[in-house]
Amino acid sequence: MKIKKIMKILIPVALFMLVFGNSQLDTLLFGEARVKKEILAASTLPIPTKRTVRWENSSSYADSLFRTRGKEPFRNWSFEDKMDLPRTLLAHLLASNEIAEVNRMMISMKPWGTHGSKWLLNPKGGYDFSATALTTILYLFDDKPEILYPETKNHLVKVLLNDQGEGFSDAVPHTLGRIKDSENHVLMAQGSKYLKNRYLMLHGNHEAKFNNEQNGMENGILDKLKELSEMGLYEFNSIPYLGYTLAALLNLEAFGSENVKKASRDVLDYLCFSYAIGSYHFRYYPPFRRRYEKAKSEALSKDYQTVFMKTWMSFHPSIKSNKRIESGESHALIAACMPYRPADEVISLIFNKAPGYFARLGHGSGSSPELYSAGPGYLLSAGGVNRGKWSDIVARPITLFLNDNAAVLADLFHVAGPGNDFMKWNNTGVYANFACAAGLVAVPEGFKPVSENEQWKIFGVGDTLLIAVHSSDDIGILAIFEKQNPQDLAKKLIEANPDPEKLKSQFQFPAGSKIDFDVKAPKDKWVIEAVDGKSLDRDFDSWPLISGVWDQKNTNDH
């Protein structure tokens, strides 16, 4: 009875908001999309686009993936299996396995739902997950009648791809355009609709309603891609939605018009560059938006961007690295069969951090930034900040990646605080070779200090890298040094920072920069306040997409 009473109140309120409310307010209250479309300053670090690598046409990993997924049984098709069945069918076709059975299965299928987010007035939403993979099948096998039979293709076009014609929409269905849909749904639903129109036009149907340049679809897609290029993703680093966004972008990059191909490739290049900046040897632990239940994950290589990157690297002619996919093989399937490959500099940056950099990634108003400091053999990754319950942002500990086999958070030096509730953290305290947060520094098992005193512990990594750790209940500091004697360093750190109370707000690099910080900074301010007495721009809501210094020794000469 209580539920019925609540629904009687909520439904009229929701309908009132939809009819009389403000679109931005409606999206904020009921949606999962960007509210303010503020163009960020252009990236000061140019996004790499140069491609000279001659990629292999096949890879042993991809071939194995096709064979394995191409032997899976066909499942019942429904919202619960909205992604799995179409991608299983794709795998069978890629492996040339049970071709006749696949075609019979596809002809027997009927659309189970509608496009866009699932909600009260769109109870069968989410069909765009299926339509995206079906679009991939249509284009990949259009000219292969021995694999995709003509009658199957006809059924695919006329029945299974059930959205076509005019009218680009970025709104949740049946909300009077008031609530903007999440970007993964927009790209999947509108991208599939756009590509079906394009397919019909390319195959002789010249009705005006299918002409994307006349029916608004081309401009709608391009406007959405421009938004992502100028503002980044709202669902940045999302677990699990980034995988679906990438799949939709790969379709557009492979099969769209020249303008759409180029715009999609620009977004993909931005995402791959961001990943390369923030990862090290396929380990990646950034803050992310959506979903809170994923906050407990401590694995370092299970995000879907890593799945795509590892799969692409399996086609590289010379790089030999660990390409084992820990989860998300259905996304690896899409990465393997599509033509996009990252730019040269992106590939190099994943593995080689020399000579070093300090980079800041902005994500706009009400969001969390990403900050990274890297050099030969290491990467410091900021954990970001939650901006309130409705922000849907998961903040994480500040982490230090080394050139080792770390697989989970416990394998890394990391620091976070205050307390254990990520919604209370502001873990943006990263600068060049430096990190701080309002909590203890966790030291991985097996690491023993090579030198220590009452304030500092010095840990050695390899022959040249030293990690200085200062840790107490309310302040944790990590500082990275190269080619120094550990005993001398411990002594110099005490001399440069004699007052432990002052270490709660200021750190002096021996013969280097002085950093002022506030580990209890408000959630809309960068923890780092000033360097060498010069105040910094702490308003990360207005930071460019990507900015920083490519040789961080120029930023912090020590």
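**View 1. Strands β13 and β18 run antiparallel in this predicted model.** Strand β13 covers residues 434–437, and strand β18 covers residues 475–482. The two are joined by 4 bridges.

**View 2. Six strands make an open sheet.** The order of the 6 strands is β12-β13-β18-β17-β16-β15, and the pairing is antiparallel. The edge strands are β12 (430–431) and β15, and each of them pairs on one side only.

**View 3. A hairpin connects β15 to β16.** The hairpin passes through 4 residues. Strand β15 holds residues 451–452, and strand β16 holds residues 457–461. They pair in the antiparallel sense, over 2 bridges. S451 has I458 of β16 as its bridge partner.

**View 4. β16 and β17 form another antiparallel pair.** Strand β17 spans residues 465–472. It pairs with β16 over 5 bridges. G460 stands opposite L466 of β17. In this hairpin, 3 residues lie between the strands. G462 takes a positive phi there, near 65°.

**View 5. D474 sits in the loop between β17 and β18.** Is D474 buried, exposed or partly exposed? It is partly exposed, with a relative accessible area of 34%. Setting aside neighbours within four places in sequence, D474 is in contact with A437, A438, G439, K504 and V519. P418 lies 56 residues away along the chain, yet the C-alpha atoms of D474 and P418 are separated by 7.1 Å.

**View 6. An aromatic pair joins F273 and W550.** A search of the whole structure finds 24 aromatic pairs. In the pair of F273 and W550, the ring centres are 6.2 Å apart. F273 belongs to helix α11 (residues 258–278), while W550 is in the segment after β23 (546–549). The pair therefore ties together parts that are 277 residues apart in sequence. F273 is buried, at a relative accessible area of 1%. W550 is partly exposed, at 29%.

**View 7. F308 and W312 pair within helix α12.** Both residues lie in this helix, which covers residues 304–313. They are 4 residues apart, or about one turn of the helix. The pair is tilted, with 5.8 Å from centre to centre and 55° between the planes. F308 counts as buried, at 0% relative accessibility. W312 is buried too, with a relative accessible area of 1%.

**View 8. Aromatic rings also gather in a cluster and meet charged groups.** One aromatic cluster is formed by F434, W456, F481, F507, F509 and F517. Elsewhere, the charged end of R341 sits over the ring of F315, 4.4 Å from its centre. R360 lies over the face of W543, at 4.0 Å from the ring centre.

**View 9. The largest nonpolar core has 109 residues.** Which residues have the most contacts inside this core? They are M106, L134, I137, L156, I277 and W312. L134 touches W77, P86, M106, Y127, L156, L160 and L161, not counting residues up to four places away in sequence. A second, separate core has 51 residues, including F459, L478, L489 and V527. In soluble globular proteins, nonpolar side chains tend to be buried together.

**View 10. Helix α4 is mostly covered.** The helix spans residues 84–94. How many of its 11 residues are buried? The count is 9. They are L85, P86, R87, T88, L89, L90, A91, H92 and L93. These buried residues pack against α3 (60–69), α5 (99–108), α6 (127–140), α10 (241–255) and α13 (329–337). Just after α4, S96 takes a positive phi of about 50°.

Terms used:
Residues numbered from 1 in each chain as written. Predicted model: local features only at pLDDT ≥ 70, side-chain atom pairs only at ≥ 80, totals over all residues. Heavy atoms only, no water. Pairing = 2+ DSSP bridges. Phe/Tyr/Trp six-rings, centres within 6.5 Å; stacked < 30°, edge-to-face > 60°. Buried < 20%, exposed > 50% of the residue type's maximum accessible area, 1.4 Å probe, protein only. Lys NZ or Arg CZ within 6 Å of the ring centre and 35° of its normal. Core = buried A, V, L, I, M, F, W, Y, C linked by side-chain atoms within 4.5 Å. Contact = heavy atoms within 4.5 Å.
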